[in-house]
Structure formats: C-alpha cells, structure tokens
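Please examine the sequence and the structure before reading on.

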Amino acid sequence: MPMDTRSWDFCLFFMWVFLEFQDHAVQQKFGKIYVLHVKLKFWTSLFRAVYNSLEKMGNLFCCVQVDQSTVAMKERFGKFQDVLEPGCHCMPWFLGSQVAGHLSLRLQQLDVRCETKTKDNVFVNVVASIQYRAIVEKANDAFYRLSNTRTQIQAYVFDVIRASVPKLNLDDAFEQKNEIAKAVEEELEKAMSAYGYEIVQTLIVDIEPDEHVKRAMNEINAAARLRVAANEKAEAEKILQIKRAEGEAEAKYLSGMGIARQRQAIVDGLRDSVLGFSVNVPGTTAKDVMDMVLVTQYFDTMKEIGAASKSSAVFIPHGPGAVRDVATQIRDGLLQASAEHL
C-alpha cells in the first residue's frame, strides 16, 4: 500500500531528528552530501505541510479565495449552485458546499496546423491561430459542458479548412487567407458560443506548401521577371537606335545644307572672278577664264598632295575614256614640243 503525504512527512521528520543527533557519525558513514540532501527534502515537505494546513484552515473557517481573472464553481452536495467571482467568499462546508474547480477568464490562444490539398493538387500545411476566452455569463456552461476545449476547437478548425482550401488553387489560397480565416471564425463562433466560449479572433498565419513547390514557384517568378527585363532592354535598345538614326539624319541634313552653301559660295566666287577678269583683260572669253581657273586648281591640288609627307598615292582618271584622254594629252604635248624645235 503506497504511503500518503502525511506519513511521508512524519518519516522525513524523524529522519531529520535522527540526523541532527547523529550528525557526525552519519556524515562519516553516508557522506555530507547525502545528509544535506535529506535535510533539503525535509524542509520542502515542511513547507508543503504548512501551506496545506493554511489552506485547510481557510476551509475550516468556511473561507475561499478566488483569484483575479478567474471564477470558481460552487456546488452543494455535488450540484452546481453559483459562480464565484474574484475575492473572498463564505463556503460552509458543513452544509455540503464546496468549490468544484476554477475557470480562467483570460484570453487564450490555440495554434492549429492542418494539412490539406488545394484544387490544383498541391498539399499544403495551413497554420491557424485561434484566440478565445470564456464568457462570464456562461461560465457554468464552459466549465461543465466541455471536457477538452482545445480538442473541440481543433476539430472545428480542421473541418472548415479542409472544406474551404480544396476549392481554391494554390495562388488563390494565398490571396484569400482572410476569407478562410473568416469562415473558420464564423463556424467556431456558432459552435462554441453554445458552450460558453467567445472566439475573439481567428488568423491564418501561414500557408506552407512543399519545398519543391516553393522552389518551382520562385523559378516561375524569376523567369517572368527576366522576361520583363528582356522586353525593357529591347525597348531601350530600340529607342537608342531610333535616336541614333534621327541624329544621323539630322547631321546629314545639316551637312548637306553646309555643302550646298559651300558650293553656292564657290559658284558665286567663280562668277565674280570670271566677270572681273573679262572686264580687266579685253578679248578673253568666259571659257578661257574657266580653263585657267581649272588649271590653277589642278596645280594647287597637286601641290598639296606633294607637300604632304605621308602621301603615297596620286589620284588619276582610270576609266577607258580617261586613258584615251591621257594618251591624247601626251601626244599633243610631244607634237607641240617638236613644232617649237623646228
């Protein structure tokens, strides 16, 4: 037959008395650490006995204390009688009154992890946090009608989540977390209010797909962003090429305008030169003046080519007609020289 707490306390008391009188001999036989261990157990048992005595003394004087944020269930001969609020209450035990138990009114939280499948056949773990508390007006229902509140709430959460998530694709499940939480809260509120509990808030704190699914989703997102980046880069290159072509067209237009103005200035200068030479030298025609200008420009060009230290080529006409002209010019030059010698 196992020894009760009171018998064990008496044994420890006599053992402590024995150790006090035989301290030196016991320490030599069992060691000092063992003696200290027994003394510590004695003082612990003594404290527990004093506490129990004070508690029983309160019952002896028919007084019961109920802590803050807690209510107590008062029974008379095993039947519920009243809900005791925080404070000191008279409990006539000799009339059959007793405290059946205490019920906390503090806000409590239950985290539920539920595995389910989405509409596109992806298994996910949905983590829901349920915040609830007992209703003071229905404290007796909360105490007597449910034996395990947390298990009951967990069962309702499983039922609602496994009925809601399979209707959604994985992406929609992430987007509609609030709708899922609202459905869970409404179902729990209807079910638990009859048992004296209030559902303060329901949160879907996480939706965890398989690691391979998360990696695939990240790769899809990365590919989409790379595609957008490539489109933006191509648009930038297109704009750059268009602006470059527009710049080249504008430059060529301005260059053409400059060349046209240059040629116009050259023509105006030649015209003035021809007119002035014809006036100053009587008997000359405009053709004679133009031939002389062309010969002058030809010799100036040859001079510039010869003056360049790195010049290694002279541009001459190279077509068949040009060869004939060159031959004719050489022949005319030789004949003219022979005629002068004669």
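The points below are grouped by topic, after a short note on conventions.

The model is predicted, so local features need pLDDT of at least 70 and side-chain atom pairs count only at pLDDT 80 or more, whereas totals for chains, interfaces and linings use all residues. Residues are numbered from 1 along each chain as its sequence is written, and side-chain values use heavy atoms, with hydrogens and water left out.

**Nonpolar cores**

- The largest nonpolar core has 33 residues, of which L103, I130, I153, V157, I161, L188 and Y197 touch the most other members.
- A nonpolar core is a set of buried Ala, Val, Leu, Ile, Met, Phe, Trp, Tyr and Cys residues joined through side-chain atoms within 4.5 Å; buried means under 20% relative accessible area, exposed over 50% and partly exposed in between, with a 1.4 Å probe and protein chains only.
- Two or more residues of this core come from each of β2 (70-76), β6 (108-117), β7 (123-134), α4 (139-144), α5 (149-164), α6 (170-175), α7 (177-192) and β8 (197-209). The largest share, six residues, is given by β7.
- Helices (H or I, at least four residues) and strands (E, at least two) are DSSP runs, numbered from the N terminus.
- Beyond four places in sequence, I130 is in contact (heavy atoms within 4.5 Å) with Q108, Q109, L110, I153, V157, V184, L188, I199, Q201 and T202.
- Another core, of five residues, lies apart from it and includes V64, A72, L84 and M91.

**E75 in strand β2**

- E75, placed in strand β2, is buried but has no salt bridge, and R76, the nearest side chain of opposite charge, is 11 Å away.
- A salt bridge requires a side-chain nitrogen of Lys or Arg within 4 Å of a carboxyl oxygen of Asp or Glu; Lys and Arg count as positive and Asp and Glu as negative, while His and the chain ends are not counted.
- The side chains of E75 and Y144 are joined by a polar contact of 2.8 Å. Such a contact is a pair of N or O atoms within 3.5 Å; within protein, one must be able to donate a hydrogen and the other to accept it, and residues adjacent in sequence count only if both atoms are side-chain atoms.

- β2 pairs with β3 (residues 79-84) in the antiparallel sense over five bridges, where pairing needs at least two DSSP bridges.
- E75 stands opposite F80 in β3.
- F77 lies in the loop between β2 and β3 and has a positive phi of about 55° although it is not a glycine.
- N121, in the loop between β6 and β7, has a positive phi near 60°.
- F77 counts as exposed because its relative accessibility is 66%; N121 is likewise exposed, at 54%.
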